[in-house]
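This briefing covers sheet pairing, charged contacts and nonpolar packing. Please read it alongside the sequence and the coordinates.

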Amino acid sequence: MKKDENIKNEIKLNKIIIYIFSLLILIYLFYAVYLLIKQPTDKVTVEHGTLYLEETNIGYLIRSETVVKGQNYKNGMEQIKTEGEKTAKGEAIYRYYSKNEDGLKKEIEELDVLIQEALKGQKGLLPSDIKLIENQLDEKIEALKKVKDISKIVEYQKQINNLITKKAKISGESSAVGSYLKQLYTQRTKLEEQLNSGAEYIKAPVSGIVSYKVDGLEEVLTTNNFSALNKEFLQNLKLKTGQLIATNDESGKIIDSSKCYIATISDSEEARTAEIDQKVRVRLSSNKIIDAKVNYVSQENEEETLIILEINNQIGELANYRKISFDLIWWSSKGLKVPNQAIVEEDGLNYIVRNRAGYLNKILVKVTRKNDKYSIVSNYNKEELVNLGFSKTEISNMKNISIYDEIIIKPDLSKIE
């Protein structure tokens, strides 16, 4: 019995020892966490990076646009210049179909078949000339199959028709059935004249980018008077962000290819202090970053500012939209990038603490750019240090910060010499 009691007492004692040991471990861990919170010793490595100050905004696209519309818009239209293609002033950009165009084209096609059939059985007096024309016809027909550009298709069709009529003329003048071919050719010419005379060709009144995305806001969102714009006016347009403008089948327009504008409302401090001609950058939804500048600024109220940005890139791409989401980049800066928590201010100057092999150095740094989380820093040159009031001895003893240095987060300068 006594032996059993000794065993039980020994087990209890072991449990007590384990309990005390576990409790000591927990107390140590809590104390370590407390010390870490009270005086953290996290370290980071200085890296070379780019810092941005940007905001995401909604923008309304304003362009210099000239809408062009003819008399026969009810007949339907055929594009000569494609969407986004550049045009010179006076060039034909599209045409309206003539009345009964399908019927006239069908008659011309039937005549072409008759002409070809008549030529097949003929052995003209100029076989080499005819053979040359036939080879050219084959080349043009093969090329036509691979072309998608409407203006080029129209050009190839004209060349093919010219070759067919040329072949008909040669055979007609040198064959026994010349009168029949001449008759077919005359009928075809009259039909083609009728087809062309009935079509209405629309020419560009100015040079620029051709677009068929006409939304009726070309005379509303204009570049003539930015002072007429405000938040209420833009919101009342009731446009959807990122919605594509539908292609119009009755009219087209010419867009100024040199520049366009983005109107946006911002509540940032940078917007309130923006200046005319200030350089900024814009990041589009495609992640393309383009240069821009502030063209117009108007204070909406105490918090919001209307800003109009001028851009001269991606104008053709932006023609698809009237309202977009974009990033307005106020500035970007490259250099040594450090967390703001690693910078401590003392007597109006900024310092960081470098840890090199356990030895800590307080290093004076110049903050060139700063956002909410990071700063771009650099070293002062000797002239700047003299202007700050440092002696030659102090300057010669100063350490410099460089890439890959290890620095302390939330350092305590009072504990560093």
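In this predicted model, strands E4, E6 and E7 form an open sheet of 3 strands in the order E4-E6-E7, and their pairing is antiparallel. Elsewhere, the structure holds 22 salt bridges, and its largest nonpolar core has 27 residues.

- From one strand to the next, the twist averages 25 degrees.
- E6 and E7 run antiparallel and are joined by 4 bridges.
- Arg 95 has Tyr 201, in E7, as its bridge partner.

**Salt bridge Glu 54 to Arg 283**

- Glu 54 and Arg 283 form a salt bridge through their side chains, with an N to O distance of 2.9 Å.
- Because Glu 54 belongs to strand E2 (residues 47-62) and Arg 283 to strand E11 (residues 279-283), the pair ties together parts that are 229 residues apart in sequence.
- Arg 283 counts as buried, since its relative accessibility is 14% and the cut-off for buried is under 20%.
- Glu 54, at 35% relative accessibility, counts as partly exposed.

**Salt bridge Glu 91 to Lys 81, and the loop of Lys 81**

- The side chains of Glu 91 and Lys 81 form a salt bridge at 3.2 Å, N to O.
- Glu 91 sits in the loop between strand E5 (86-87) and strand E6 (92-96), and Lys 81 in the loop between strand E4 (77-79) and E5, so this pair ties together parts that are 10 residues apart in sequence.
- Lys 81 is buried, with 13% relative accessible area, whereas Glu 91 is partly exposed at 32% relative accessibility.
- Thr 82 is also placed in the loop between E4 and E5, and it is partly exposed, with a relative accessible area of 24%.
- The C-alpha atoms of Thr 82 and Tyr 212 are 8.6 Å apart in space, although the two residues are 130 residues apart in sequence.

- Arg 272 and Glu 269 form a salt bridge in which the closest N and O atoms are 3.1 Å apart.
- Both residues lie in helix H7 (residues 269-272), where their spacing of 3 residues is about one turn of the helix.
- Arg 272 is partly exposed at 31% relative accessibility, and Glu 269 is partly exposed with a relative accessible area of 44%.
- One network, joined by salt bridges that share partners, contains Arg 63, Glu 65, Asp 215, Glu 218, Lys 253 and Arg 322.

**The largest nonpolar core**

- Among the 27 residues of the largest nonpolar core, Val 282, Leu 309 and Trp 330 have the most contacts inside it.
- Two or more residues each come from E2, strand E10 (260-266), E11, strand E12 (289-299), strand E13 (305-311), helix H8 (315-318) and strand E14 (323-339).
- E14 gives the most to this core, with 5 residues.
- Leaving aside residues up to four places away in sequence, Val 282 touches Ile 262, Lys 288, Ile 289, Ile 290, Ala 292, Leu 309, Phe 326 and Asp 327.
- In soluble globular proteins, nonpolar side chains tend to be buried together.

Note on methods
Residues numbered from 1 in each chain as written. Predicted model: local features only at pLDDT ≥ 70, side-chain atom pairs only at ≥ 80, totals over all residues. Heavy atoms only, no water. Salt bridge = Lys/Arg side-chain N within 4 Å of Asp/Glu carboxyl O. Buried < 20%, exposed > 50% of the residue type's maximum accessible area, 1.4 Å probe, protein only. Core = buried A, V, L, I, M, F, W, Y, C linked by side-chain atoms within 4.5 Å. Contact = heavy atoms within 4.5 Å. Pairing = 2+ DSSP bridges. Axes fitted to C-alpha atoms, helices over the stretch in contact; angles between N-to-C directions.
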